[in-house]
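This report is a guided reading of one protein chain for someone meeting it for the first time. Please keep the sequence and the 3D view open while reading.

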Amino acid sequence: MFGVVGIPVTAVAIRAVALGVRFLAFHNEQSAGYAASAYGYLTGRPGVFLTVSGPGCVHGLAGLSNAAANTWPAVMISGSCDQADFGKGDFQELDQMAAVKPFVKHAAKATHVTQIPRLVREVLGAAVAGRPGGCYLDLPADVLHQTIPESEAARVLSDAENPRFQEIRYEGSLDIEKAVSLLRHAERPLLVFGKGAAFARAENSLKKLIETTGIPFLPTPMGKGLMPDTHALAATAARSLAIGRCDVALVVGARLNWLLHFGEPPRWSKDVKFILVDISKEEIDLRKPYLGLEGDARRVLDLINEEVKDDPFCLGRSHPWVEAISKKAKENVAKMEAQLAKDVVPFNFLTPMRIIRDAILAEGSPAPILVSEGANTMDVGRAVLVQNEPRTRLDAGTWGTMGVGLGYCIAAAVASPGRLVVAVEGDSGFGFSAMEVETLVRYQLPVVVIVFNNGGVYGGDRRSTDEITGPYKNDPAPTSFVPGAAYHTLMEAFGGKGYAVGTPQELKYALAESFSARKPAVINIIVDPYAGAESGRLQHKN
């Protein structure tokens with residue numbers, strides 16, 4: 001359980017710990033909520049976070065909304081004011097059930113202590129049923145102080161049976177046959193998969209289908225690692241060619257939203273046939289694919305594999321489509337590697353990113369979990385950093401949420417004990433949750449936070465001369481931060497390790513020492529403020 005304690009929920013956290021629940025106390029409910037949502041994704045079990053009433057609940061909405069957008073299972077439990085005093089202007093009074101409504105699959109309020117066991121099971125079950133998402137449980141202060149005899153408590157607990165949420169089972173064998181037939185007869189098939197496939201633990205099923213059929217594949221950012229980025233059939237480095245020319249696209253656990261250009265021209269061919277695998281019928285109805293397969297990603301892929309097994313087909317490495325993607329990918333990788341090979345000082349984004357990539361790869365398996373947020377930092381990192389294992393990349397996600405960094409780091413560290421967690425953040429992204437470095441130190445979590453410090457959002461003051469006008473023209477630009485900020489000293493203030501680096505040698509030393517120590521650290525990389533580009537323009541969408 002993650003959260004921030006206070007009236008009226010402090011005792012809930014203390015009793016939870018006494019009963020064997022690990023509670024990680026945060027400085028801000030937003031970060032606690034982000035941690036819970038990421039924990040739900042990484043473990044497959046609902047991440048739970050606790051907030052106080054009123055403003056605590058409002059801050060927690062960030063976590064609930066992030067869970068809803070990414071379809072990750074999370075449960076927010078909030079205290080609320082006494083029921084008898086609601087409407088009178090009580091301490092931190094808020095209609096919390098109304099406030100959470102737009103962001104949850106299910107919300108429940110306990111009006112008596114005897115309802116709590118049943119409602120806890122209800123929200124936990126609803127969070128993972130069908131398409132995962134956020135749920136909410138409201139615990140009024142007076143309910144938390146009610147008492148009942150032990151004999152009644154035993155009966156209440158016994159009666160609180162776990163709700164039975166039916167797993168969707170796909171039975172449409174004719175549609176499976178149609179899907180396989182479309183792939184078999186396609187000239188330029190493509191397999192696209194996202195974090196829905198990662199949540200479903202579909203990596204082995206994906207591997208079997210790809211290696212049996214020879215179909216090139218394209219992961220979405222958080223789908224990276226389900227199949228190694230270095231696989232011969234990976235089309236990531238030839239993305240524009242792959243989506244622009246494919247004639248049949250099997251999309252598994254990914255939505256045809258902005259991340260995939262809505263599945264529309266001009267990025268996609270107007271004639272492409274989409275086979276959309278999704279656990280949500282509503283999602284399939286919204287996207288209107290050529291063929292929709294409703295069900296769990298792994299289960300549907302297993303059915304497809306069974307159908308392929310009866311009449312195997314494989315494109316082969318010499319197939320024109322495979323050769324075209326392979327050729328383009330190699331060309332683009334070579335261009336990128338030529339840029340990465342240069343040691344540019346003062347640092348641009350590519351030089352330190354290459355050094356970080358090599359250090360992470362040198363860790364071998366189990367690979368560190370990578371957390372990435374920022375504008376240039378996340379964009380460049382997505383292209384340079386390599387994922388070869390599933391669920392090892394967490395980033396701003398479907399909603400493009402900034403501020404998830406430290407919350408995600410903490411979730412990853414407790415979800416995968418002993419595994420190194422590495423955050424690669426822009427200075428703006430880091431600023432949202434920077435105070436949680438104290439949380440890292442307090443729990444001694446193996447997290448190394450790397451901050452690309454270029455003095456602001458996108459790189460400080462990027463205004464043209466004609467934009468610097470008006471009565472406040474001497475104020476810093478809206479995109480500017482204090483130049484050369486010593487972010488590493490924030491970690492040192494709490495007893496962690498801080499590094500300030502500006503050369504390849506300094507960065508290599510800091511990475512080697514911090515990765516080896518596996519203790520909380522911040523590496524402050526000073527980047528040329530003119531490196532990178534303003535990447536937040538609406539038409540580019542990062």
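Which residues does UniProt list for "domain: Thiamine pyrophosphate enzyme TPP-binding"? The UniProt record, an unreviewed entry, gives residues 374-525 for this feature. The structure shown is a predicted model, and the values below are computed from it. Over residues 374-525 the chain is 36% helix and 16% strand, with the end C-alpha atoms 14 Å apart. UniProt also places "domain: Thiamine pyrophosphate enzyme central", again from an unreviewed entry, at residues 176-302. Over residues 176-302 the chain is 36% helix and 18% strand, and the end C-alpha atoms are 10 Å apart.

## A sheet from β12 to β17

An open sheet of 6 strands runs in the order β13-β12-β14-β15-β17-β16, with parallel pairing. Because β13 (393-394) and β16 (497-501) each have a single partner strand, they stand at the edges, and one side of each is left without a neighbour in the sheet.

Is Ala510 buried or exposed? With a relative accessible area of 0%, Ala510 is buried. Leaving aside residues up to four places away in sequence, Ala510 touches Tyr499, Val501 and Ile523. Ala510 and Glu29, by contrast, are 481 residues apart in sequence and 31 Å apart in space, C-alpha to C-alpha.

## A sheet from β1 to β6

Another open sheet has 6 strands in the order β2-β1-β3-β4-β6-β5, and its pairing is parallel. Its edge strands are β2 (24-25) and β5 (106-109), each of which pairs on one side only. The pairing of β5 with β6 is in the parallel sense and extends over 4 bridges, and within it His106 stands opposite Cys135 in β6.

Several elements of this part of the chain also contribute to a pocket. The second largest pocket has a volume of about 1,100 Å³, and it is lined by 30 residues, of which Met1, Val12, Ala16, Leu19 and Val21 lie nearest its centre. Among the elements that each supply at least two residues of this lining are α1 (10-18), β3 (47-51), β4 (74-80) and β6 (134-140).

Ala99 lies in helix α4 (residues 96-100). Not counting residues up to four places away in sequence, Ala99 touches Leu61 and Leu94. Ala99 and Asn524 are 425 residues apart in sequence and 38 Å apart in space, C-alpha to C-alpha.

How many of the residues of strand β7 are buried? In β7 (residues 189-193), 5 of its 5 residues are buried. Both of its faces are covered, with Pro189, Leu191 and Phe193 on one side and Leu190 and Val192 on the other. Strand β7 is joined by 5 bridges to β9 (residues 248-252), which runs parallel to it, and Val192 has Val251 in β9 as its bridge partner. A further 3 bridges join β7 to β8 (residues 217-219), also in parallel, where the bridge partner of Phe193 is Pro219.

## Backbone details

| Site | Backbone feature | Value |
|---|---|---|
| Pro265 and Pro266 | cis peptide bond | omega about 10 degrees |
| Val345 and Pro346 | cis peptide bond | omega about 0 degrees |
| Gln92 | positive phi, not a glycine | about 55 degrees |
| Gln444 | positive phi, not a glycine | near 50 degrees |

Pro266 is found in the loop between β9 and β10 (273-278), and Pro346 in the loop between α14 (320-340) and α15. Gln92 lies in the loop between β4 and α4 and is partly exposed, with a relative accessible area of 24%. Gln444 is in the loop between α19 (437-443) and β15, and Gln444 is likewise partly exposed, with a relative accessible area of 42%.

How values were computed:
Residues numbered from 1 in each chain as written. Predicted model: local features only at pLDDT ≥ 70, side-chain atom pairs only at ≥ 80, totals over all residues. Heavy atoms only, no water. Pairing = 2+ DSSP bridges. Buried < 20%, exposed > 50% of the residue type's maximum accessible area, 1.4 Å probe, protein only. UniProt positions renumbered as here; feature names shortened; annotations may be inferred. 1 Å grid on protein atoms, 1.4 Å probe; cavity = no way out; pocket = protein on both sides within 12 Å on 5 of 7 lines; lining within 4 Å. Points joined across faces, edges and corners; volume = space filled by probe spheres on them. Contact = heavy atoms within 4.5 Å.
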